[in-house]
Structures are given as structure tokens and as C-alpha cells.
Amino acid sequence: MLTRTSAVSTLNRLLLHDISGSLQISTKHLILSLRKITHTVSNMLVPQIRNVFNDIVKSEEDKRLYRGLELSNGLKVLLISDPKTDKSSAALDVHIGHMSDPNEIPGLAHFCEHMLFLGTTKYPVENEYNKYLSEHSGNSNAFTTVDHTNYYFDVAPEHLEGVLDRFAQFFLSPLFTESATEREINAVNSEHEKNIQIDLWRLNQLERSTSNPKHAYNKFGTGNKKTLDENPRKNGINIREKLLKFHYDWYSANIMAFALLGKESLDELQVLATNLFSGVINKNVQTPEWKDHPFSDDCLKKRAFVMPVKDIRNLNISFPIPDLQPYYKTNPGSYLGHLIGHEGPGSLLSELKAKGWVNTLIGGQKSGAKGFGFFIVNVDLTEDGIEHVDDIVTHLFQYLNMLRHNGPQEWFFREFADINKITFRFKDKEKPQTYTCTLAGLLHMYPMEEVLCGAYLMPDYNPDHINMVLEKLIPEKIRIAVVGKKYQSVVNQTELWYGTEYYIEDIPEETLEKWKNAGFNNNFSLPPRNEFIPTNFELVSQNEEKSPLPQLLKNSPITRLWYKQDDEYLLPKAVLNFEFVSPLAYLDPLHCDMAYMLVQLFRDSLTEYSYAAELAGLGYSLSNTKYGMILYIKGYNDKQHILLGKIMDILTNFEIDPKRFDILKEAYIRGLKNFQAEQPHQHAVYYSSVLLAEHAWTKEELLEATDDLTLDKMHIFIKELLSKIHIEALIHGNISKQKAFELVTIIESKLQQNMKSKPLLPSQLIRDREVQLSNGSSYLFKCTNSVHSSSCIIVYYQSGLQETHLNVVLELFCQIIAEPCFNILRTQEQLGYIVFSGVRRANGAQGIHVVVQSDRNPDYLNERIEAFLLKMKNYMNEMTEDQFQKHREALVCHRLEKPKKMAHRTAKFWTEIASQQYNFDRDNIEVAHLKTLTKNDILEFYDKLIAYDAPLRHKLAVHIISTATSGIENEIKQNVVTPPSDGTPFSPELNEHTVIQNITEFKSSHPLFPLVRPYIDLSNLTKAKL
């Protein structure tokens, strides 16, 4: 606590600083600064804490300590002490979003979020915050929604105080400098342009733009150059002054919530939080609330037909409902969503699939903002389904009539509540950054004591609340959007911000009457009781011989079983991974198509059965890979054997429904064609993989092969695929060795009984290799994208085969250049919103890649990337030993960070198995070597492999060039070369690149890397004893 004398001294300091700083701004903002100082001193002279909350409800399994605070300025604080954490984190959520933008400046709240990262009074250097995080194994981000803006970070625990001080300045004294303001507008504009051709963004904005135009929900939240620069200039508006005013008006302590997690004790965290955040001004801002719904009466009973970018078909149904947050203890929206979105027998989805009209269905409440919400039912339509939209809606009202007729069911509510209670009790630990980010938002929604449990527990059954929501789901309140390419001829309006074409009409009265009198459907029924709800939560006895790493329990000709009993997470859960290896899965494009169709058809057929298991916390997935199929089961171990047995029963006796085959084949073909509408950076990554992988079928080849994709061939393929197979298994969790053997036996016995499966030859288990680029080479592959206005470049510098020394040198080099890369190419040069650098690893080979998506020509982007890398030589030469050690320790901290969830630990083990490297202790082994590296090791790596004149440089660039109308219009801009403002040199003189004209010829003219030798010699490995 500051004394009165020290407070007055601080006032004098602040006054001098603010007066000198205010010479560049208007008198109005000088007055605002003086008001701010008065508030700051006032806060210093009163107690910092108004209320303390020590009785926060937490899970039985949660060993962390919690304390809630309400500071004297009204700011809510949740403290989380976790002495075992390897990352500290904090997040602050401001209960204000883009619905509070001034009408004349759409996107201002989002722009303010961007600007807070670019310098504060105490830390004026623009990249100070990100640089500090980068040097201390941290990262950060932020997001803006309709009524929230959330900022969050994580960092190595010993540096929490340093980054927290920098973070707090966002809310105390941001600079909003003129130069940063002008530049960052381009970043916001680039972010918006990235999203323009994405259907999800287009449909979300169309919903807003067709709501009540007088309602704040109608606004455009992202902002762009027009709303943040061109229009304000025309209207004589100083955008920087508007930023200052928005921050001053709305960034008030009483509508802020702060979550802080660290190793420190609660008392120590409390001192940190109060010292740094008590100075945030409380302006007694009223949290915005919109009691009038944006779907006013004149917005209802409407039907819109929408033209998408991709070839998709959707039916989106919305009903206006009240804000259900006050009813969180009875949770009527979740109860109804649980029923309407059910996928089991007697469900709405089951009936609509049987009709051949839909593939998927999502139903439930959707948050709006404080004061209003939505209830939605969205379905993915088939070719036949888009012709039966009105019939689908009729079925929805028939299902709702069934719910009304039966009335609320207390047994069903209690079952749903029990599942949520179990989920809360055995909740997986989350990454600190995810945890604090989520909790900071929840602090606005629940009482402090219930902030951890409020989203899970449903203690009160209230049928009146359920009926209240059900009464809102009527034809008179409906809004419908039907999305499909078939409406190209009828659309007659264009949405302002995204250019979405649509046609909107009143729903005919006769159609509404039909829905009002929909009656009942005898095929609908309430779900049966869920037999998958676990009842046994006991932890199995620990094995006498504990192993920190997976052990090989079985190594037969057909099965290799790896096993690791959990001794870390101590939850009644397990993760089962089974890879079914078959060379047929990727034999040619047709076989790849058939493997994909098999898993789609299988998952589709198992939906009714597996949905109950999924609700009860027991999920599965089946996916096809280049080497076969992977079956993945995770959740409570109590009834995993039941689900596994059912899966293998169906898989080994699989009968294809011809109707579903035709529907899913058509969906697959559309998906292949829709790839052309993916983001340019996704295209760049895809073509990089095609160029470098030993085998890779292109989208065009897969699409062409679908002509031969028939039901008869599928039947033959399934039998052949499963008749000769190898099983690679990993069982990890609350499972004994004996149980692990039993689970594998389920798979083996079903395959052998029903498919007469035999093992593969050892030579059929060899993985793909990677193309090896020649020394001193520079290759260029060009491709066009006709959908997005942005272009993209990915530049890959191949380093060599994976091995301990090169692995850590490469990672440390990427650690050192990551923050400068973002700061120079994105923040300073404003090349684009998407700027990324990092390690690329595939098929045992590795290197560094740099990705930039931009409205500039890829040739220019290539020059700027090369110029940046040239600058990095001096940057590293001038780096002090202390700075180098910070980067090294940051990478050590990152590599030793423990997975927070059992499934994440399993994934690390599985990566080693799937790559056939089996280095299960990789992190500890490589960190030990990492600690020995010197700056000379990095400089040697740079000179040898990265420098523009490096003798062993291996460069591959992929250029995705926009041919969209707006892309062509930007061509003049794309080729303008402007000197960077930070002194980055122009690109060096580079060797002429070799243009790749034919992918097959390119790959056939290059050797392949050998496969990485396994860390474990399986031939000499002794199997663990039972």
C-alpha cells in the first residue's frame, strides 16, 4: 500500500510525464490525462481490496488453490496457485465489444484490441511486450466479440512479474502512437480480407446485417481500411483521438475481470494483482445490456436464400430467445439442445437421415450478448434435402410437439446433470493460457464462488424454465437461411461488408399454417436411458515395475502393443490408439478414395450407437491415413471395452447402405472441389507437401478417380483391406497390463474370426521418405487461386535428416527469429495479417519455413523474406550472451512443458510410434543437448544452410498467386517496392531459381532421404512381462 507522501510523489511524476506527452494531442485529451491522474492517486489512498472470496467451489480432483478478490476499483480477480505449473498465465476480459463501436466507426473496439500491443507509456517500444514473452517461453493473443474483449498470455513461471507489469500497462497507459495507428489499420484490413471469402464469416455477418438496423447487433465488428481510415478522413474524424476516447470511456475497472495463475502462493499472487491493477480507473461504466432482441417482429417469419463461396448446402433455423444466463442453475437451453440435437434412435437427426435429407444436425442455444440469445437448429443438406426444406422444418415442429406433449422429463434432466457433474469432477487440466482466458470471461457470467462450476453443475430442476424456452420455438418466431449454389439465379441483394449475395422473402402464410399444424410423427421418441454413463471410477493398482515410458507388451507378426499405465494424471480415464496398417489404403488415388469413404460410411452408420457413449464422456474417431486407418478411443475406461467390441463387430461385418453411399460420395466429391476455395496459405502448405513427399496423390487425381468409385468396388476393398493387416497399438491410462492384452485380443479375434486376417510382410511396414533437395538449389513452384484476393508465399529451407543436434539447433534458430520475423514482416512492413515462421518436419526430414499471406506479389514477398534473413545475421552477431541464454532457456522451458491432459501425453507417445522413431524420452534427451549449444552453433547453422550464399542451402518456394478480380486490381500495389522503415536491407542478389513445371519430373529427378533410424532397436527389445 502506498503512503500519502509516496502517492503525491507519484502524482508529480505522472503529471510531468503526462503534460510532456500531451503536447502532441488535443487539450481535450490533456484534460482526460489529468482526470486519469486524479483517479490514480485516489486509488492509491484507499484500501486496494473490497472483498475476498475463499469459498470457491472446485472439483474434488483439483489440487490447485483459489481465491477471489474484488478490488476497490471494482475489478474482479481470480487467483490460482499451482506450485507444480510449468507455465504461468494471466488473462483480462473487458465486458465490452464491437456492439459498442461508435456508429460512424465500425471495428473500433477490434482496432483498439490490436493497438494495445503496440506500446505503452512505461514501455514505449512497440514490440517490447512480445519480445519479452518470446525471450521467456511465452506467447500471447487477444480477441474481440460482440460484448467482450479478452487479452491473455503465458510465460515461464519465474518471469510472471515482469510480463505482468508490461501487460497491466495496456489498461493503464497505452500510447496509440500516430505511426502505429496508421500501420495497424493495414493489419486489421488484412485480417478482414483474409475472411471475406470464408462462408462462416459471411453467414454470421449476413445474420447481423439482416437484423434490426437500429440494433447494435447489426454492426460490422472487424473493421477495415474503409471504416477505420478512409471514411473517418472524409468526415474529418481523427481515428487516434477516437481510439483514446474509446479506451477512456469503456476500459473501466468495474467491467473488467482478471484471472491470474502462477507457482506463487495466493498471498503472493494477491500482492502482484493488487499492486499492478488497483491503478486501473473505475469510471463506473454500466455494462451494456440489450433487452430488445435484434430479431424484432419485422425480422421474423423470413426466409433467405444465400449463395455460398464453397459448394455447400445448409439449412440454418433461428429463434429469438431471452438471455438464458440468469437461468444457469436450471439450464433450460442446454436441456432442450440436448434433446433436439440428439443423434440416437428416435431423434430428429435419425429421422431426417432416414429420409435422405441431411447428414448432420446441430441444435441448441447460441449466445448473443448480454440481454438476448438465440436457439438454433442447423443441418447439412443432401442434394435431395435442399428440395425438402419446408418438410425438414415440418419435422422439426413435429419433434417440438412431441416434447411439449411429453412435457419436461425430470429423469432426463437428472441424467444430463449427473453426466455434467461427473465431467466436472474428473475434468482434465487445461493449459494455463486456455484456463485463464476462459475463466476471465466466466467471471462476468457467474458469482465468484461458482466461477469454476457454474458452466457444469445443474442443481435445480425447473420445468417452468424449460417450457418458457419451448414456448419461444414456434413458427411465428422463426427465421430461416437456406444456403446453396442452386440459388445463384434468384439472389438479388448484396451484403455490404462481405459481398454475400442473397434473396430474402416473407414465409408464406400457408407454410406457417402448415408448421403450426404439423402434428406428430410416430418415429420420434425421447432418448433411452444412457447405458454408457460410467459407474466405476476406481484407479487400478499400480504395476510393481513402474516405467516412465511406454513398454512393448507384445510384438507378434500381426500386432505390436505398446503400453503405459498412467501414474501422472490419476484419473479414471484411458486413451487407446490402434493403427490398422495396409498398403492398399494408399495404393493409388482410387484406393485412397475408398479408404476415405470407408471411414465416412462407418462413422455415419455408428452414429446412433456411439452418440450415447460420447455424451457419457467416451468418444472415438476413425480416420484414414496414408498407411491405413487409425482408431482412437478416449474417455472413462469403465466401458471402453464395450465400445471397442461394438466397433470391431460392425467394422468386420460392415454392410454399406447404398443410399448413404451415394449421399456421402457426393459430399466427398464436393469437398475435393471445394479445396480451390481454401485460404492461399493452406494451398501453399498443401503444395509443399505434395512436392516433397515420396508419394502424394493430388486433389485433382483423387477427384478424377471418383468416377470409378462404386459400391461393388467398396465391398471388395473392405475385405481386401482387412484380410492382410498389421496392428500398431498404444494403450495409455488407468488400465492394467492384463486389461491391455484383453483389449487387443478383442481386435485380433474379430479380425481373425470375421476377416481371416493375416499379417503383412516386414517390407510392407516401411514408411514414406522425403525428397532431398540438392546443395545450393533454389526451386520455385507457382500456382493460382481464383477465389481469394490475397496471394501467399511459403519459403522452405531444408536442413537435413532429423537427429538430436540438428533438431535442437533448428528449433533454437527458429526461437531466436520468431519474434523479429513477426515484428518486421507484419508489424513494421505490414506485409499481411498471416506471418509465420517455424520448424517444418515430415517423413524424417526437417527445415525452417516462412509463410506470408499478403496482397503483395509473392516475388516481392520473397525479396522481403530474404532481406529479413540477411538482417538476422547481424542480429545474431550483435546478440549478447545474456540474450542468447534467454532464448535457449525459453526453448528449454517450452520443450519441458508437461502436457496438461492425458490425451496430449498419449499424442506425444503416438507421434514417436507413427514415425517409427520410438524416442519416447525425446524431450529430456534433446534438452540435455540443447543446454550445451552456444551462439556459434547457431551462426554456423545459419552460414552453412540459411545464408543467401550458403554452400548447403536448399530452398523451395511455393507462390500462390491470386487471380481473383480484386487480386488483379491490386497488381499495381503488389509490385511497388518501398524501403522498410526499420532499416531492414533490401534483398541480396540471389541465384536464379529453377521453376518447377512438372511435379512428377521434379520428384523423380531427386534422391530421397533415408528413413531415420529408430531410437529403439525393436529386434532386440525384450517384451515386458505380464
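Visitor: Which residues have the most contacts inside the largest nonpolar core?

Guide: This is a predicted model. In it, Phe578, Phe580 and Ile731 have the most contacts inside the largest nonpolar core, which has 89 residues. Helix H18 (residues 589-615) supplies the largest share, 12 residues.

Visitor: Why is this core said to lie between domain 4 and domain 5?

Guide: Domain 4 (551-764) and domain 5 (777-967 + 978-1005) both give residues to it, so the core lies between them.

Visitor: What does Phe578 touch, leaving out residues up to four places away in sequence?

Guide: Contact here means heavy atoms within 4.5 Å. By that test Phe578 touches Met629, Ile630, Leu631, Leu644, Glu728, Ala729, Ile731, Val744, Ile747 and Trp910. Another core, of 56 residues, lies apart from the largest one. Ile185, Ile255, Leu260 and Phe277 are among its residues.

Visitor: What makes H6 roughly perpendicular to H9?

Guide: Helix H6 (residues 178-195) packs against helix H9 (residues 239-250) at about 95°, and their axes are 10 Å apart. Angles of 65 to 115 degrees count as roughly perpendicular. Therefore H6 is roughly perpendicular to H9.

Visitor: Which residues make that contact, and how do they divide into nonpolar, polar and charged?

Guide: H6 brings Glu178, Thr181 and Ile185, while H9 brings Ile239, Arg240 and Leu243. The contact of H6 with H9 holds three nonpolar, one polar and two charged residues.

Visitor: What separates the centres of domain 3 and domain 5?

Guide: Over C-alpha atoms, the two centres are 45 Å apart.

Terms used: Residues are numbered from 1 along each chain as its sequence is written. This is a predicted model: local features need pLDDT of at least 70, side-chain atom pairs count only at pLDDT 80 or more; totals for chains, interfaces and linings use all residues. Side-chain values use heavy atoms; hydrogens and water are left out. Domain bounds come from an automatic or database domain assignment. A nonpolar core is a set of buried Ala, Val, Leu, Ile, Met, Phe, Trp, Tyr and Cys residues joined through side-chain atoms within 4.5 Å. Buried means under 20% relative accessible area, exposed over 50%, partly exposed in between (1.4 Å probe, protein chains only). Helices (H or I, at least four residues) and strands (E, at least two) are DSSP runs, numbered from the N terminus. Axes are lines fitted to C-alpha atoms, for helices over the stretch in contact, and angles run from 0 to 180 degrees between N-to-C directions. Angles under 35 degrees count as roughly parallel, over 145 as roughly antiparallel, 65 to 115 as roughly perpendicular and the rest as oblique. Ala, Val, Leu, Ile, Met, Phe, Trp, Tyr, Cys and Pro count as nonpolar, Asp, Glu, Lys and Arg as charged, and the others, Gly among them, as polar.
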